[in-house]
Amino acid sequence: MSTAYISHQICHLHDTGQGHPENASRLSAIEDKLLISGLSDFLGNVEAPEVTQDQLLRVHSAEYLANLEAMMPQKGYAKLDPDTIVSPDTMKAAKRAAGAVVSAVDQVMGNQFRNAFCSVRPPGHHAESARAMGFCVFNNLAVGAAHALETYGLEKIAIVDFDVHQGNGTEDIFIGNDKVLYCSIFQHPFFPFALPPKNTANVISIPLDATAKSTEFRTAINDHWLPALESFQPEIIFISAGFDAHRDDDMSHVSLVDDDFKWVTEQIVRIADASASGRIVSVLEGGYELNSLARCVEMHLRVLMKL
Ligand SMILES: [Zn+2]
């Protein structure tokens with residue numbers, strides 16, 4: 001088996017309340033699809049461990065972590081921001097979500113698997129060093145990337161983010177870090193309205209109009225992401241895998257189709273094969289229309305598995 005599938009049942013227990021788009025049905029839809037398609041038989045199932053406090057402190061402030069603990073409700077719900085609803089089991093789920101990415105790094109760096117997909121919630125890329133936001137509590141991917149930097153001494157980590165929303169948290173945490181190249185593509189102007197799109201030495205931001213479709217998406221990636229990634233020669237590639245730019249997903253206006261997610265995954269695999277011995281750690285972010293989410297995750301996994 002070449003691909004690890006890392007998750008934990010506790011991720012289903014993070015309850016965001018009635019009618020919230022980021023809910024446990026998302027993971028169930030993915031799991032059902034992988035079972036029905038037979039793909040789950042060819043994945044290496046790994047149970048996500050809990051992240052440790054020291055691993056979280058690499059990207060989040062001690063004050064933020066203390067405030068989070070204090071805000072978690074004993075019963076019912078609490079709001080970390082207008083969209084980020086938490087409940088009694090949220091902290092346990094969030095610790096497994098971040099722990100999944102740490103484990104994925106260990107699996108891939110230890111050569112147990114060529115690549116890994118973390119099927120987790122709450123998602124992470126809006127969570128900044130000291131702020132929860134947009135359904136996100138810990139920046140799961142950033143915790144994993146920091147683990148790769150510190151534990152394995154990697155010097156060139158690429159993060160690619162094709163979620164339709166700007167990954168303000170990941171940008172906040174890694175901007176100015178010359179060991180990390182962060183490539184993102186997102187609808188603009190749009191949530192999180194956090195940072196104006198900019199290109200710096202280590203951040204490649206591609207804003208897309210709300211009317212964008214496959215052609216605009218692929219052209220932007222061909223023109224901006226791929227040359228930057230090829231010249232950076234990453235030792236590992238992390239993916240913020242959000243599927244909410246799909247045309248069936250009403251969380252955004254951008255209209256991609258299933259094949260766009262297959263295509264972008266193929267590009268990432270090609271670059272990882274060239275410089276990173278195929279090492280990829282992919283982490284679920286958004287994707288709220290259950291049918292397209294499940295189909296696109298299956299397709300994403302098939303490319304990672306080279307099936
Ligand atoms: Zn999103």
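I took helices (H or I, at least four residues) and strands (E, at least two) as DSSP runs, numbered from the N terminus. By that scheme, Q233 sits in the loop between α7 (214-232) and β9.

This is a predicted model, in which local features need pLDDT of at least 70, side-chain atom pairs count only at pLDDT 80 or more, and totals for chains, interfaces and linings use all residues. Residues are numbered from 1 along each chain as its sequence is written, and side-chain values use heavy atoms, with hydrogens and water left out.

**Entry 1**

I looked up phi for Q233 and found a positive value near 50°, in a residue other than glycine. Most residues other than glycine have a negative phi, and most peptide bonds are trans. For exposure I used relative accessible area: buried is under 20%, exposed is over 50%, and partly exposed is in between (1.4 Å probe, protein chains only). Q233 comes out at 47%, so I logged Q233 as partly exposed.

K306 also has a positive phi, near 60°, and is not glycine. I placed K306 in the segment after α9 (290-305). K306 has a relative accessible area of 45%, so K306 is partly exposed.

Next I checked the peptide bonds. The bond from R121 to P122 is cis, with omega near 0°. P122 is in the loop between β5 (115-118) and α5 (140-152). H188 and P189 are also joined by a cis peptide bond, with omega about 0°. I found P189 in the loop between β7 (180-187) and β8 (203-208).

**Entry 1: the zinc site**

Which atoms coordinate the zinc ion? I listed D163 (OD), D163 (OD), H165 (ND1) and D244 (OD), at 2.0 to 2.7 Å. Donors here are N, O and S atoms within 2.8 Å of the metal (3.2 Å for Na, K and Ca); water is not among the atoms, so sites may look incomplete. Along the chain the donors follow the spacing D-x1-H-x78-D. D163 and H165 are buried.

I then checked the geometry. Four donors count as tetrahedral if all angles lie between 85 and 135 degrees; four count as square planar and six as octahedral if opposite donors are over 155 degrees apart and all others between 65 and 115; anything else is irregular. The 4 donor atoms subtend angles of 53 to 154°, so I recorded the arrangement as irregular.

**Entry 2: salt bridges**

Side chains of opposite charge can pair when their charged atoms come close. My criterion for a salt bridge was a side-chain nitrogen of Lys or Arg within 4 Å of a carboxyl oxygen of Asp or Glu. The search of the whole structure finds 17 salt bridges.

I picked out R218 with D260, whose closest N and O atoms are 2.8 Å apart. R218 lies in helix α7 and D260 in helix α8, so the pair ties together parts 42 residues apart in sequence. R218 is partly exposed at 22% relative accessibility, whereas D260 is buried at 0%.

D89 pairs with K92, with closest N and O atoms 3.1 Å apart. D89 is partly exposed at 23%, and K92 is partly exposed at 40%. R131 and E128 meet at 3.3 Å, N to O. I logged R131 as partly exposed at 40% and E128 as buried at 13%. I also noted a network of salt bridges linking E22, R26 and R121.

**Entry 3: D249**

I located D249 in the loop between β9 and α8 (258-275). The side chain of D249 does reach the backbone nitrogen of Y288 at 2.7 Å.

For contacts I required heavy atoms within 4.5 Å. Neighbours within four places in sequence aside, D249 is in contact with F243, D244, G287, Y288 and E289. D244 also supplies an OD donor to the zinc ion.

**Entry 4: I239**

I239 lies in strand β9 (residues 236-241). Is I239 buried or exposed? I239 is buried, at a relative accessible area of 0%. With neighbours within four places in sequence left aside, I found I239 in contact with L141, V160, F162, I268, I280, V281, S282, V283 and H300. I also looked up I239 against A93: 146 residues apart in sequence and 20 Å apart in space, C-alpha to C-alpha.

How values were computed: A polar contact is a pair of N or O atoms within 3.5 Å; within protein, one must be able to donate a hydrogen and the other to accept it, and residues adjacent in sequence count only if both atoms are side-chain atoms.
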